Amino acid sequence: MIISKKSPLQIARQSYLPKLPLALQGHVCLQAGQPTESVANNKEIRQLFPNTYGLPVISLRQAKEGDYVLHTDHPLNVGVILSGGQAPGGHNVISGLYDGLKRQNEKSQLYGFLGGPSGLIEHKYVLLTDQMIDDCRNTGGFDIIGSGRTKLETPEQFDQAIDVCQELSITALVIVGGDDSNTNSCILAEYFQQKGCGIQVIGIPKTIDGDLKNGEIETSFGFDTATKVYSELIGNIQRDANSSKKYWHFIRLMGRNASHVTLECALQSQPNITLISEEVKARNMTLNDVVDYIVSVIVERAKADLNFGTVLVPEGLIEFIPAIGVLINELNDILADNSEFNTLNDDDERCEYIKGMLTPASSDLYSSLPRSIQRQLLLDRDPHGNVMVSRIETEKLLIEMVSKRLAKLKGEGKYKGKFSALSHFFGYEGRCAIPSNFDADYCYSLGLTSVHLIAAGKTGYMAVVRNLIEPASEWIPGGVPLTMLMNLEHRNGKMKPVIQKALVDLNGAPFHYLAAHRNEWAGERTTYVYPGPIQYYGPVEVCDQPTRTLKLEHIK
């Protein structure tokens with residue numbers, strides 16, 4: 001990737017030097033903890049990963065006199081793969097990886113596999129150079145080598161990967177991805193160990209959804225930047241709403257499996273209504289319950305002549321409504337391998353066919369949904385056999401149902417306001433943004449950390465950086481065994497080992513803060529916050545702050 005034309009900001013950002021933890025400055029040594037267990041299904045995960053199970057958590061620190069220093073005298077050939085959806089900061093992971101390898105030995109080489117995991121098995125790669133790396137420093141996107149969602153899951157694919165790596169003398173792979181991609185990393189590491197092929201595998205925690213985290217992984221990269229981008233847009237909309245005073249804005253945000261993005265954006269912008277999928281499920285709310293809640297806020301604000309507001313809707317909300325979740329699971333199973341359904345071309349025929357295959361309760365629920373939503377629920381599945389919820393326009397469904405409910409209340413004389421709604425979906429707007437200082441620093445440190453794990457001969461690890469609410473100099477780099485993150489889940493009708501997703505903790509400080517303030521934000525006094533755009537230059541309190549979520553989670 002050679003960029004021929006750059007904006008003034010691109011040029012300025014290219015010269016930004018990421019801030020580093022003291023532990024990665026100078027000579028580095030490794031500290032290992034106690035053996036670990038998987039988060040669940042210990043016996044089964046141990047049996048599936050006998051060669052990589054039980055590894056210790058690792059911390060890196062500055063070496064003192066007499067410590068064993070992590071270094072290798074011989075050149076390292078490493079391959080890097082960007083897997084899954086884009087997230088701000090990926091280029092800095094590669095920059096840190098490249099710089100770290102060159103510091104180990106100037107003759108070390110970094111190969112980028114093109115288009116994601118498929119590039120590995122299809123022998124499509126590029127040897128990364130100084131010019132390519134310099135052009136991508138501190139930039140958004142994954143365009144230096146591209147990304148993809150190909151799943152590596154068969155022995156034939158694994159053997160192809162071994163052949164390609166051996167041909168290029170690659171002895172380590174760094175896979176940058178989310179929970180599914182790093183599940184692949186875990187499986188690859190185990191297979192390579194079984195085969196004794198000498199290829200290490202290191203994962204990097206990437207996803208703007210924020211659901212790849214635990215006690216050791218404080219946040220995935222990209223979450224900080226993406227939520228700041230979305231929060232700016234929400235703030236802009238709220239200022240417009242507060243100026244024109246005539247629209248209710250229903251804003252759907254990224255986050256299929258968890259509502260971290262929605263929660264963080266709410267903490268930053270203080271909207272009138274914030275729906276949290278995990279709360280909806282925990283309270284066993286129906287779709288009508290959700291609509292009733294939205295309507296109640298709209299009616300109350302209308303009494304004060306406030307016929308405007310903002311509603312934040314997580315992308316995966318519809319799956320967390322218990323009855324709809326059951327419906328979607330039935331649909332996933334029915335559509336997993338159904339040749340008869342695949343012969344139907346007419347949308348109406350497909351919908352009627354499905355109604356006859358569902359249980360009575362799910363069939364009734366499916367029939368009650370608008371035809372547009374019925375069709376969207378039958379669209380092609382993702383590689384795991386699940387409905388692609390990003391195609392389901394939940395915000396439009398809610399607008400339609402709220403509008404009907406308000407019209408009924410108006411006819412009964414219980415609502416005298418005006419309801420005019422606009423829908424928005426913020427997703428792609430944040431995935432490739434120029435990374436915030438936090439993500440630029442964090443990702444560069446992740447890249448450097450992966451080099452030290454490779455130099456230490458480690459495999460089956462995810463590179464991590466902890467203590468992230470402190471200044472970058474105090475961050476603690478290290479590694480977490482991938483098997484420590486695993487459990488068994490139902491996928492495509494079978495129980496499979498996967499990395500456990502982190503849902504919003506309803507007992508955690510971030511959600512408690514929302515719950516304590518939501519009535520105030522919904523009320524008659526406008527309490528909007530306008531975060532504004534990401535700031536790259538200026539006071540530390542403006543430019544280098546982590547997310548509100550991260551801060552609240554670390555309140556002592």
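Predicted model: local features only at pLDDT ≥ 70, side-chain atom pairs only at ≥ 80, totals over all residues.
Residues are numbered from 1 along each chain as its sequence is written, and side-chain values use heavy atoms, with hydrogens and water left out.

**Exercise 1. Work out how helices α9 and α21 cross, and which residues make the contact.**

Step 1: Find the helices, which are DSSP runs of H or I with at least four residues, numbered from the N terminus. You want α9 at residues 260-269 and α21 at residues 509-522.

Step 2: Check the axes, meaning lines fitted to C-alpha atoms over the stretch in contact, with angles from 0 to 180 degrees between N-to-C directions. The two axes come within 10 Å and cross at roughly 50°.

Step 3: Name the arrangement. α9 and α21 are therefore oblique to each other; that label is what remains after under 35 degrees (roughly parallel), over 145 (roughly antiparallel) and 65 to 115 (roughly perpendicular).

Step 4: List the contact (heavy atoms within 4.5 Å). L263, A266 and L267 of α9 meet P510, F511, Y513, L514 and W521 of α21.

**Exercise 2. Decide whether S277 is buried or exposed, and find what it touches.**

Step 1: Apply the cut-offs: buried is under 20% relative accessible area, exposed is over 50%, and partly exposed is in between (1.4 Å probe, protein chains only). With a relative accessible area of 1%, S277 is buried.

Step 2: Look around it. Leaving out residues up to four places away in sequence, S277 touches S259, P314, G316, L317 and F320.

**Exercise 3. Take the salt bridges D224 with K228 and D292 with R405, and say where each pair sits.**

Step 1: The whole structure has 28 salt bridges.

Step 2: For D224 and K228, the closest N and O atoms are 2.9 Å apart. These two are four residues apart in helix α8, so about one helical turn separates them.

Step 3: For D292 and R405, the closest N and O atoms are 2.1 Å apart. D292 lies in helix α11 and R405 in helix α18, so the pair ties together parts 113 residues apart in sequence. D292 is partly exposed at 39%, and R405 counts as partly exposed at 21%.

Technical notes
Salt bridge = Lys/Arg side-chain N within 4 Å of Asp/Glu carboxyl O.
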